[in-house]
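I opened this entry to keep track of what I looked up, one topic at a time. The sequence and the model come first, and my notes follow.

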Amino acid sequence: MKIQLFFFILLFWVTILPAKKKYPEYGSLDLRRECREGNGRCKNQCHENEIRIAYCIRPGTHCCLQQ
């Protein structure tokens, strides 16, 4: 069992960690900032005159844009 754990950690170290260093932009996207830059606001519900385009951080909040 210890040898399997060792190989799992070794595999993680060889594959995942170099990918995180080479491509740091993947997995670190701040959707709230992206929503604000697009002149949107993160809300629980969008009004009738707003368009929901994406989720902000949590699935319960939406990025709402004015029409």
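This is a predicted model: local features need pLDDT of at least 70, side-chain atom pairs count only at pLDDT 80 or more; totals for chains, interfaces and linings use all residues.

**Asn39 and its backbone**

I looked up Asn39 and found it in the loop between helix 2 and strand 1. Its phi is near 60 degrees, which is a positive value in a residue other than glycine. I set beside this the general rule that most residues other than glycine have a negative phi. For the side of the residue that faces outward, I noted a relative accessibility of 67% for Asn39, and since exposed means over 50%, the residue counts as exposed.

**The two disulfides**

How many disulfides does the structure hold? I found two, and I went through them in turn.

I recorded that Cys35 is joined to Cys63 by a disulfide with an S to S distance of 2.0 Å. This pair links distant parts of the chain, with Cys35 in helix 2 (residues 31–37) and Cys63 in strand 3, 28 residues apart.

I then turned to the disulfide that joins Cys46 to Cys64, where the S to S distance is 1.9 Å. Here too the pair links distant parts of the chain: Cys46 sits in the loop between strand 1 (40–43) and strand 2 (50–56), Cys64 sits in strand 3, and they are 18 residues apart. Cys46 is partly exposed, with a relative accessible area of 25%, whereas Cys64 counts as buried at 3% relative accessibility.

I looked up Lys43, which is found in strand 1. Is Lys43 buried or exposed? Its relative accessible area is 14%, so I counted Lys43 as buried. The side chain of Lys43 makes a polar contact of 2.9 Å with the side chain of Glu50. Leaving aside neighbours within four places in sequence, I listed Glu50, Gly60, Thr61, His62 and Cys64 as the residues in contact with Lys43.

Which side chain does Gln66 join through a polar contact of 3.1 Å? I found that it is the side chain of Glu50. Gln66 lies in strand 3 (residues 61–66), and, again leaving aside neighbours within four places in sequence, Gln66 is in contact with Asn49 and Glu50. I also noted that Gln66 and Ile51 are 15 residues apart in sequence, while their C-alpha atoms are 6.4 Å apart in space.

My last entry concerns a nonpolar surface patch of about 560 Å², which is made by Ile3, Phe6, Phe7, Leu10 and Trp13. I checked the place of one of these residues, Phe7, and found it in helix 1 (residues 2–22).

Note on methods:
Residues are numbered from 1 along each chain as its sequence is written. Side-chain values use heavy atoms; hydrogens and water are left out. Patches are made of residues with over 30% relative accessible area and no salt bridge: like charges are joined within 9 Å, nonpolar side chains (Val, Leu, Ile, Met, Phe, Trp, Tyr) within 5 Å. Accessible areas come from the Shrake-Rupley method with a 1.4 Å probe; for residues, only the protein chains shown count as cover. A salt bridge is a side-chain nitrogen of Lys or Arg within 4 Å of a carboxyl oxygen of Asp or Glu. Helices (H or I, at least four residues) and strands (E, at least two) are DSSP runs, numbered from the N terminus. Contact means heavy atoms within 4.5 Å. A polar contact is a pair of N or O atoms within 3.5 Å; within protein, one must be able to donate a hydrogen and the other to accept it, and residues adjacent in sequence count only if both atoms are side-chain atoms. A disulfide is a pair of cysteine sulfur atoms within 2.5 Å. Buried means under 20% relative accessible area, exposed over 50%, partly exposed in between (1.4 Å probe, protein chains only).
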